[in-house]
Amino acid sequence: MTQKTCIITGASTGIGYALALKLAGQGYTLGLTARRLPLLEDLKKNILSRFPHAQIDIEVCDITNFEQTTMAINILAKKWGRLDLFIANAGIGYQTPAWEKNKKEVIAILNTNLMGTIFSIEVAKEIMLEQKSGHLVAISSVAAFRGLPTSSAYATSKAGLTTYTESLRMDLKKHGIMVTSIHPGYIATPMTEKNAIMPFLLTAEVAAKKISRAIQKQKPCYIFPWPMILAVTIMKLMPRFLFESLVTININGIFKEEKKL
Ligand SMILES: NC(=O)c1ccc[n+]([C@@H]2O[C@H](COP(=O)([O-])OP(=O)(O)OC[C@H]3O[C@@H](n4cnc5c(N)ncnc54)[C@H](OP(=O)(O)O)[C@@H]3O)[C@@H](O)[C@H]2O)c1
């Protein structure tokens with residue numbers, strides 16, 4: 001097999017779906033995974049209608065189920081004989097205001113975005129270590145850089161994922177494996193459809209174009225769109241008292257109304 005191979009988790013909707021279309025157009029052999037088979041089948045049809053020669057495989061997989069995740073990734077990599085690119089994109093996002101009872105939601109977010117995602121990367125990493133090459137990509141968020149009001153679980157999951165990728169990158173550099181963390185701002189997907197306010201909103205298609213370019217360039221870390229780079233830099237530099245005062249200005253207004261991120 002000469003074409004590059006790529007597995008995308010959470011390919012059934014949103015950023016993962018758009019990335020699959022983008023990478024199929026670039027000639028990747030693709031492994032599409034998520035929990036909802038009919039959506040993955042529709043995506044495959046959509047890809048083949050645009051790129052009739054595309055090689056597309058589907059594996060249903062819930063990333064919080066370690067056995068399923070191990071099987072899905074290994075089945076695809078074995079079938080192809082190698083795994084060049086692994087995109088850990090699957091994720092969930094809800095607000096979990098600390099003044100509410102949110103035990104279940106908090107654990108679901110951490111199980112999916114942190115434990116499940118990291119486990120999936122560990123499985124892909126083992127394959128890449130054996131072949132001594134590959135590129136691991138984690139879809140994190142701009143929410144990774146500081147604690148945010150009403151988003152304790154989501155921000156923690158993305159901060160943890162980002163720290164994990166940073167360590168991985170240093171460890172794997174000499175083993176021929178590149179590691180990238182991607183930090184999108186607001187993207188219009190099912191995850192964000194109920195959000196009221198989304199500054200610098202991008203479509204999933206534009207996001208996929210930007211992400212695929214960052215992957216091609218093997219960027220270690222990619223924050224977009226550019227106003228978010230500025231926002232993150234300022235946020236990181238702000239003293240705690242100023243940051244906490246500013247981001248909680250609307251705590252009884254917009255944040256209370258929204259349930260999803
Ligand atoms: N949209 C944004 O503004 C934004 C911004 C920054 C970062 N992100 C990140 O981008 C990634 C994609 O999000 P999105 O906006 O494209 O949301 P989305 O449209 O809701 O897509 C989420 C994807 O993850 C899959 N998924 C969820 N739980 C899963 C599980 N347990 N096992 C396997 N697959 C699972 C879903 O498929 P099934 O339900 O079929 O399994 C779906 O394909 C997420 O990691 C999100 O945190 C999004």
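The model is predicted; local features were considered only at a pLDDT of at least 70 and side-chain atom pairs only at pLDDT 80 or more, whereas totals for chains, interfaces and linings use all residues. Residues are numbered from 1 along each chain as its sequence is written.

The chain contains nine helices and nine strands, where helices (H or I, at least four residues) and strands (E, at least two) are DSSP runs numbered from the N terminus. Its radius of gyration is 18 Å, close to the 18 Å that the globule rule gives for 261 residues, so the chain is as compact as a globular protein of that length. The radius is taken over C-alpha atoms, and the globule rule is 2.2 Å times the number of residues to the power 0.38. Along the principal axes, the C-alpha atoms fill a box of roughly 55 × 40 × 35 Å. Of the 261 residues, 39% are buried; a residue is buried if 20 or more other C-beta atoms lie within 10 Å of its own, exposed if 12 or fewer, and partly exposed in between, with C-beta atoms placed from the backbone. Among contacts between residues at least 6 apart in sequence, 72% join residues at least 24 apart, a contact being a pair whose C-beta atoms, placed from the backbone, lie within 7 Å.

The buried residues of α2 are L40, L43 and I47. They cover an arc of only 60 degrees around the axis, which puts them on the same side of α2; the arc is that of the directions from the helix axis to the C-beta atoms. An α-helix has 3.6 residues a turn, so residues three or four places apart point the same way. The buried residues of α2 pack against α1 (14-25), β2 (29-34) and β3 (56-60). The exposed residues P38, K45 and S49 are carried on the face of α2 turned away from its buried side.

P227 is located in α7 and is exposed, with 11 other C-beta atoms within 10 Å. P227 and N46 are 181 residues apart in sequence, and their C-alpha atoms are 33 Å apart in space.

The ligand is surrounded by 32 residues, of which the closest are G10, G14, R35, R36 and G91; a residue is counted if its C-beta atom, placed from the backbone, lies within 6 Å of the molecule. At least two residues of this shell come from each of α1 and α4 (103-131), and α1 gives the most, with three residues. The shell divides into 14 nonpolar, 15 polar and three charged residues. Ala, Val, Leu, Ile, Met, Phe, Trp, Tyr, Cys and Pro count as nonpolar, Asp, Glu, Lys and Arg as charged, and the others, Gly among them, as polar.

Several backbone features were also identified. Most residues other than glycine have a negative phi, and most peptide bonds are trans. A cis peptide bond, with omega about -5 degrees, joins F224 and P225, and P225 is placed in the loop between β9 (221-224) and α7. F200, although not a glycine, has a positive phi of about 60 degrees. This residue lies in the loop between β7 (187-188) and β8 (202-203) and is partly exposed, with 14 other C-beta atoms within 10 Å. Q218, likewise not a glycine, has a positive phi of about 55 degrees. Q218 is in the loop between α6 (204-216) and β9 and counts as exposed, with 11 C-beta neighbours inside 10 Å.

P184 belongs to strand β6 (residues 177-184) and is buried, with 22 other C-beta atoms within 10 Å. Leaving aside neighbours within four places in sequence, P184 is in contact with S141, V142, A207 and F224. A98 lies in the loop between β4 (85-88) and α4 and is exposed, with 11 other C-beta atoms within 10 Å. A98 and T150 are 52 residues apart in sequence, yet 6.4 Å apart in space, C-alpha to C-alpha.

Terms used: Two residues are in contact if their C-beta atoms, placed from the backbone, lie within 7 Å.
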